[in-house]
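Welcome! Let's walk through a protein together, from its overall build to a few of its residues.

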Amino acid sequence: MGIWSAYFFCKLFLYWTRHIEFHVLPNLAFALFLIVPLGPRWLRIARQVIAIAVGIALLYDDAWLPPASQALAKLPALLEFDAPYLFELLGRFISGRTILALALIVAAHELLRRKLRMSTFALIGILSVPLTGMLHAPEPTPSTGAVSAAADATAQNAPVALTPQALDATLRRFHETEANRRVQFSPVDADGPPFDIVLLHTCSLAWDDLDYAGLREHPLLKRFDLVFDNFNAAASYSGPAAIRLLRGACGQAPHAKLYDRPDPGCQLMRQLERAGFAPQWQMNHDGAFGGFAETVRDHLGVAADFTRLSGGEVTQRAFDGSPVYDDYDVLSRWWAERAKNPAAHVALYYSGISLHDGNRAIGARPSSNQEYFRLRVQRYLDDAQRFVHLLEQSGRRVIVALVPEHGAAVRGDRVQISGLREIPNAAISLVPVGVALIEPGRSPPASPLRIDAPTSFLALSQLLARLVADSPFAEGHQPLPGYAADLPQTAFVSENENTVVMRVGERYMMRTPDGSWSRYEGDAP
């Protein structure tokens, strides 16, 4: 086996330290392929050439990485990343300490292989994996659980068999039910007090990220009148996330149908326009990467376009080198222009990427992505709070909704490194959504009204529809709990192109691109 014994020792070390998985049968077959004695020199050379390709493929398969087909499909996008960001991503896959440990393993192998038959120890190590897996196996999965993926959370106590067939059927029923759900908007009262709606759709901010940054108690989150504690953004990339919000007047569609021609009745901005709001769109970036601006334009449902900034304050450079403008600068400049607009009601869709992974500060940058993320979250929340204060001082009435696209995965787990969002797990998909009601003379609440039930965009759309139909700024309006009563609930199902994560009882079950189901073990101890 020669040096290939060191290959297996290194992989076994990575497995035991939970850096990778280890599929026993393919690795055992590969080891036996390497052990079989061959006579002619050309056969031994040919085997080494084949072994290099097989060894790389096996390592990739054992690593918690997207399927090779998905990785190749994303290669054009990766090539748009600048070199510093690519090197940073590479460094997240394996730490310097782990590299040192692997180097020591290789060195020890070279010292010992002259006296010991290392291939025997490699085979023993491979065969020990099933035993160690049994010793450290997670609790057995029961045949039934509590929570169906039916759209209404009232049905979540129905038992669900955790077989692949049953999980597929549960997911199918979820999508069938969601396909029939929608929110109807009534016209705003033309004689009532004028007010605007501002949707702050920011990239990369989940509850888990707030906890990591130690900012769950930021004053902005306490300023909101209402906070959704269990809101599922249902996606982990910006394009699908934007579509899900912009089509939030209908139930949750499968990822495969997101790019179909949208139903006009599902388009939130179109519904707001029909209700009497002049639609507007603004961003703090150019929207070029991944065709994001085109995606928004295709699904906005209204004739609005964002203003390309000139002379704005650039605070960061994105991972592709494009400028990222200061959120407060963009929003305050938009507000100054809005004040000149005679429209009684305006609805703004704002896209911000200040928290996107890979952004670099203009000037200096902290030593790590995690440290820099903390600083960026602090600045973003401070900027959003400044904007809310600006609205409060303006004397106008505004409904502001903070709606993160998805999380940043800044913490990462043993399945996905920090920043990787191929699997839309709960740490990425559960985001803090807050709604603030701003009007002259109105004092912020002592504490927000909390919505703990599982919700998604349908609940936010329903809340907005109620606020439009029965203005919270009109005399004699109902208390806020009345607007929030019995909002539609949505079970947790989050999707990317080929991966689904669905909550079943206290577990999160994952369907991988090959169609198989397993428990998501990313957060397992």
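How many helices and strands make up the secondary structure of the protein? The count comes to 19 helices and 16 strands, taken as DSSP runs numbered from the N terminus, with at least four residues for helices (H or I) and at least two for strands (E).

This is a predicted model, in which local features need pLDDT of at least 70 and side-chain atom pairs count only at pLDDT 80 or more, while totals for chains, interfaces and linings use all residues. Residues are numbered from 1 along each chain as its sequence is written, and side-chain values use heavy atoms, leaving out hydrogens and water.

Of the protein's 525 residues, 52% count as buried (under 20% relative accessible area; exposed is over 50%, partly exposed in between, with a 1.4 Å probe and protein chains only).

Now look at the loop between β10 (398-402) and α17 (426-429), where you will find Asp413. Is Asp413 buried or exposed? Asp413 is buried, because its relative accessible area is 19%. Its side chain makes these polar contacts (pairs of N or O atoms within 3.5 Å; within protein, one must be able to donate a hydrogen and the other to accept it, and residues adjacent in sequence count only if both atoms are side-chain atoms):

| Side chains joined | Polar contact |
|---|---|
| Asp413 and Asn425 | 3.4 Å |
| Asp413 and Tyr520 | 2.7 Å |

Another loop, between α7 and α8, holds Leu116. Leu116 counts as partly exposed because its relative accessible area is 40%.
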